[in-house]
Amino acid sequence: MPVSANTSAYRSLDELGSGDPQMQDLITRGKRLIDKGIPILILGETGTGKEYLSRALHAYSARRSAAWVAVNCASIPESLAESELFGYCKGAFSGALPGGMKGKVQQADSGTLFLDEIGDMPFSLQTRLLRVLSEREVIPLGAAHPVRVDVHLICATHQDLKTLVAQGRFREDLYYRIAGGVLRLPSLRDRADRRQLIMRMIADELAPAVASEHSIAPAALQRMLAYQWPGNLRQMHAVIRYCCAVMNGNRIEVSDLPEELMQFEALNLNHIISHGANVRPILSQADGAGIMSRPATGPLGDERSRVIDALVGSRWNISAASRQLGMCRASLYRKLRQLDIPHVRDQAMPAYAA
């Protein structure tokens with residue numbers, strides 16, 4: 001996940017996977033794949049952390065002491081893509097550097113080559129990449145002989161490559177070459193560790209002496225937990241940085257949230273239930289009803305808040321919440337009755353615009 005410039009830029013595999021069962025399963029599979037010589041394809045929505053996962057896999061691998069080289073296939077002009085990837089020799093073309101240039105593939109020799117947005121690679125370049133992967137050699141522009149390379153390939157895309165293959169926009173043989181092991185990152189709205197991610201990002205932005213559980217007001221935290229985060233981790237990181245920059249005092253208040261969260265309204269519960277979604281909507285601050293507005297003081301109040309946080313963080317998935325709280329499902333149901341927390345399916349709430 002993204003962190004601020006004044007801390008370690010990237011996290012380990014175990015740090016990326018802590019707190020969410022889906023991520024833990026994904027990390028376990030990634031660890032098994034990374035040193036098997038199998039190309040890895042990372043799938044996921046924009047902003048889910050595909051590059052960060054690639055870096056963490058490289059750092060965990062036996063190739064960690066060699067280079068990790070990234071290429072964004074969507075940002076390289078097609079006219080420069082070939083020389084950027086495969087390099088060129090001295091005098092290969094007008095304007096070439098006097099000594100030639102090593103391409104990204106050669107730069108990643110003995111290490112990891114990360115091809116981001118592989119679905120946007122020009123079709124003509126896909127053919128040359130397939131040869132590189134098949135023959136394990138690259139021919140720079142203007143070179144008379146191929147150069148042997150040893151790279152571990154990790155690709156990523158938010159696109160459906162199978163659809164691109166069916167449309168004739170992506171080579172089928174290249175797809176099967178790069179998709180040896182597929183890791184699909186969950187969207188942020190489907191993760192059970194959103195609360196931990198929020199608190200970790202706040203800690204990354206603030207000085208260690210300042211950051212704590214009290215660095216964000218409960219109402220602001222609940223608004224963040226209920227938000228759908230269409231931009232995933234990238235958007236959450238941007239929001240946390242904004243809040244930490246504009247907050248007046250030692251904690252983030254609702255008034256410090258950016259426009260998209262200030263305008264956010266809790267989803268219509270009846271609409272959610274009718275569509276089978278397992279989400280606990282949070283009432284807007286203007287509404288005085290609901291379980292979040294009931295008094296929460298003393299030991300029972302603290303326990304009630306902890307249980308509600310776990311339920312909200314897991315989107316009212318009882319199994320996930322019970323694991324987070326360290327109890328079985330039956331115990332959690334008893335705890336809900338003890339603390340007067342009605343289950344989401346039993347609540348009646350005013351309708352909000354979906």
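This is a conversation about how some descriptions of a predicted model are reached.

Biologist: Hello! What does the chain contain in the way of helices and strands?

Modeller: Welcome! In this predicted model, the chain has 16 helices and nine strands. Of its 354 residues, 49% are buried. The chain exposes about 17100 Å², and carbon and sulfur atoms supply 50% of that area.

Biologist: Let's take one residue. Why is Ser-83 called buried?

Modeller: Ser-83 has a relative accessible area of 10%. Buried means under 20%, so with its 10% Ser-83 counts as buried.

Biologist: Where is Ser-83, and which residues is it in contact with beyond its neighbours within four places in sequence?

Modeller: Ser-83 lies in helix α4. Leaving those sequence neighbours aside, it is in contact with Tyr-88, Met-101, Gly-103 and Leu-141. Contact here means heavy atoms within 4.5 Å.

Biologist: Staying with α4, how do you know how it lies against α6?

Modeller: The axes of α4 (residues 78–86) and α6 (residues 123–135) come within 10 Å and cross at roughly 10°. That makes α4 roughly parallel to α6, because angles under 35 degrees count as roughly parallel.

Biologist: Which residues of α4 and α6 meet?

Modeller: On the α4 side they are Glu-78, Ala-81, Glu-82, Leu-85 and Phe-86. They meet Ser-124, Leu-125, Arg-128, Leu-129 and Val-132 in α6.

Biologist: Now the strands. What is the order of the open sheet of five strands?

Modeller: The order is β2-β5-β8-β1-β9, with parallel pairing. β2 (68–72) and β9 (181–184) stand at the edges. Each has a single partner strand, so one side of each is left without a neighbour in the sheet. From one strand to the next, the twist averages 20°.

Biologist: What makes β1 and β8 a pair?

Modeller: Two strands pair if there are at least two bridges between them. β1 (residues 40–43) and β8 have four, in the parallel sense, so they count as a pair. As an example, Ile-40 has Ile-154 in β8 as its bridge partner.

Biologist: And how many bridges join β5 to β8?

Modeller: Four bridges join β5 (residues 112–116) to β8, and the two strands run parallel. Here Leu-113 stands opposite Leu-153 in β8.

Biologist: How do you know that β1 and β9 pair?

Modeller: They too are joined in the parallel sense, over four bridges, and at least two are needed. Leu-43, for instance, has Arg-184 in β9 as its bridge partner.

Biologist: Why is β8 described as largely enclosed?

Modeller: Six of the six residues of β8 (residues 152–157) are buried, so the strand is largely enclosed by the rest of the structure. Both of its faces are covered. One side has His-152, Ile-154 and Ala-156, while the other has Leu-153, Cys-155 and Thr-157.

Biologist: What makes α9 mostly covered?

Modeller: Nine of its 12 residues are buried.

Notes:
Residues numbered from 1 in each chain as written. Predicted model: local features only at pLDDT ≥ 70, side-chain atom pairs only at ≥ 80, totals over all residues. Heavy atoms only, no water. Buried < 20%, exposed > 50% of the residue type's maximum accessible area, 1.4 Å probe, protein only. Areas by Shrake-Rupley, 256 points an atom, 1.4 Å probe, with all protein chains shown as cover. Axes fitted to C-alpha atoms, helices over the stretch in contact; angles between N-to-C directions. Parallel < 35°, antiparallel > 145°, perpendicular 65-115°, else oblique.
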